[in-house]
Amino acid sequence: MKVDISVFDTTLRDGTQGEGISLSAEDKVKIALKLDQLGVHYIEGGNPGSNSKDIEFFRRMRDMKLNAKITAFGSTRRKNSQADQDTSLVRIVESGVRAATLVGKSWDFHVTTALQTTLEENLAMIYDSFAFLKRRGLEAIYDAEHFFDGYKHNPEYAFACLRKAAEAGADWIVLCDTNGGTLPNEIYEIVSRVAKEIDKPIGIHTHNDCELAVANTLAAVQAGARQVQGTINGYGERCGNANLCSIIPNLQLKMGLRCVSDEQLGQLTSVARYVSEIANAVMPVGQPYVGNAAFAHKGGIHVSAILKDPKTYEHVQPELVGNQRRILVSELAGQSNIIHKAQEMGLDISSGNERARAVIEKIKTLEHEGYSFEGADASLELLLRDAFGEQTQIFKLESFKMLVEKSDGRLVSEAIVKIDVDGDIVYTAAEGNGPVNALDNALRKALVQYYPEIMNIALTDYKVRVLDEKDATAAKVRVLIETTDFKNTWSTVGVSDNVIEASWEALVDSFRYALMNCKKTPAAQEDKREQLGIVNH
């Protein structure tokens, strides 16, 4: 496939310089394979000689056949030395990569202040380093560090650095806005001049310190750049790097410049979320294109229009980037929101508009009390099914009791639960490493004899938010619980001025949702009940 713009991903190198981002060698391998599926052309893995993780990563990648070029990172040779004796450059060659990126100074201030050498020596460092890589048969990419700041301060010297790299055989000249302080109009003007005067393909590498990394990248492309560098989700030092999850669809869907195939573009959201999970970093819900709220609609007027034609409030089809449209239900919802949600669940509301209005009022009342259904999809579905008569009561709480005891320096929680399952009164008790875990274990124990599937679900997240902080310990709290059956994930909510009660409410919804389509089995044998510690009356 012919591409117009080459995509250079530096998540595994520049991205890991972001605060809170740490990747093991295994993490890097997993992400590299996912990036290759996405169709990026270069994957910068790190510095082969800087640490054991990067050394292991390059060793493991040697035997993997990828379409992308695994790229090593380093810097120009040390001052007053020889390139073929520079340990960093030698290790790049020995790593077995086909391409390498070297960062070299292009701002005279940095040369004299940071490197503490002469301007002439820096030019020699650039030339010698790239000549060395080319003699060894590598594709060589020059990252002209601080180029835009250097150009503003001393354009003649900044251009001299680019020309030295080009003379030595560098295959790409990449202009770096290292401090992230350049504006799009400046980027366009400067890159336009470079593209005219330097007879090499131009790349762009921007940082997001002014919230302009994506805009600056697009401006550079308009001015003639043909390689874009960035990271997934914009991870990177300080305020981050240019976000490829925005750059790629903007180039392809807005500017008509092909970067990856349409099928690969459709994987963008899943790749963004996969990298987020591996990096243990929370993705902003409002992140453009790939965020959970990127195509979410809440206002009733908006939803009404969306149902007529999505183009009314969506700039692209979410499916193009692998995302999906979401209709939110809250106190701002109109009847259209409820109808759409009900239709998604297969509920027949052709004659139920009165019920839809009643549900809206109930939701508004509940949200006034502190509930939030935007992040509790399962609780919302249960609420709608109850309202439309589509949900049966699986069990009924009779009572529960919590005991917390500290013994031998260990804090133990015990829950005693009494529930009614179709007329059977079931008592169970269970311990846990906290009150919620104990309640979960006790309720699961009570239900397993009727619904064995309950053992196949697990709680994956538990969040508590204080709603009225001014009320101190008497404040209401909202509990959100996330649950999975290892195929699907759902969230439920509970609200109370008692955190245990709020947790119980969210927990019960979680189990109700899990068992919604499960058939009840006959009660277990008496000896089995005794073995589980279950008492039936």
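Strand 11 and strand 12 form a hairpin with two residues between them, and Asp408 in the turn has a positive phi of about 55 degrees; strands here are DSSP runs (E, at least two residues), as helices are (H or I, at least four residues), and both are numbered from the N terminus. The model is a predicted one, in which local features need pLDDT of at least 70 and side-chain atom pairs count only at pLDDT 80 or more, whereas totals for chains, interfaces and linings use all residues. Residues are numbered from 1 along each chain as its sequence is written, and side-chain values use heavy atoms, with hydrogens and water left out.

Strand 11 (residues 396-407) pairs with strand 12 (residues 410-421) in the antiparallel sense over 11 bridges, where pairing requires that DSSP finds at least two bridges between two strands. The hairpin of strand 12 and strand 13 has two residues between the strands, with Asp422 taking a positive phi near 50 degrees.

An open sheet is formed by three strands in the order 14-15-16, with antiparallel pairing. Strand 14 (458-466) and strand 16 (489-496) stand at the edges with a single partner strand each, so one side of each is left without a neighbour in the sheet. From one strand to the next, the twist averages 20 degrees. Strand 15 (residues 477-484) is joined to the antiparallel strand 16 by eight bridges, and the bridge partner of Val479 in strand 16 is Gly494. Helix 18 packs on the sheet, touching strand 14, strand 15 and strand 16, and its direction makes about 150 degrees with that of strand 16; axes are lines fitted to C-alpha atoms, for helices over the stretch in contact, and angles run from 0 to 180 degrees between N-to-C directions.

Helix 18 (residues 499-514) also packs with helix 16 (residues 377-387), at an angle of about 70 degrees and with the axes 9 Å apart. The contact (heavy atoms within 4.5 Å) is made by Ala378, Ser379, Glu381, Leu382 and Asp386 of helix 16 and by Asp509, Arg512 and Tyr513 of helix 18.
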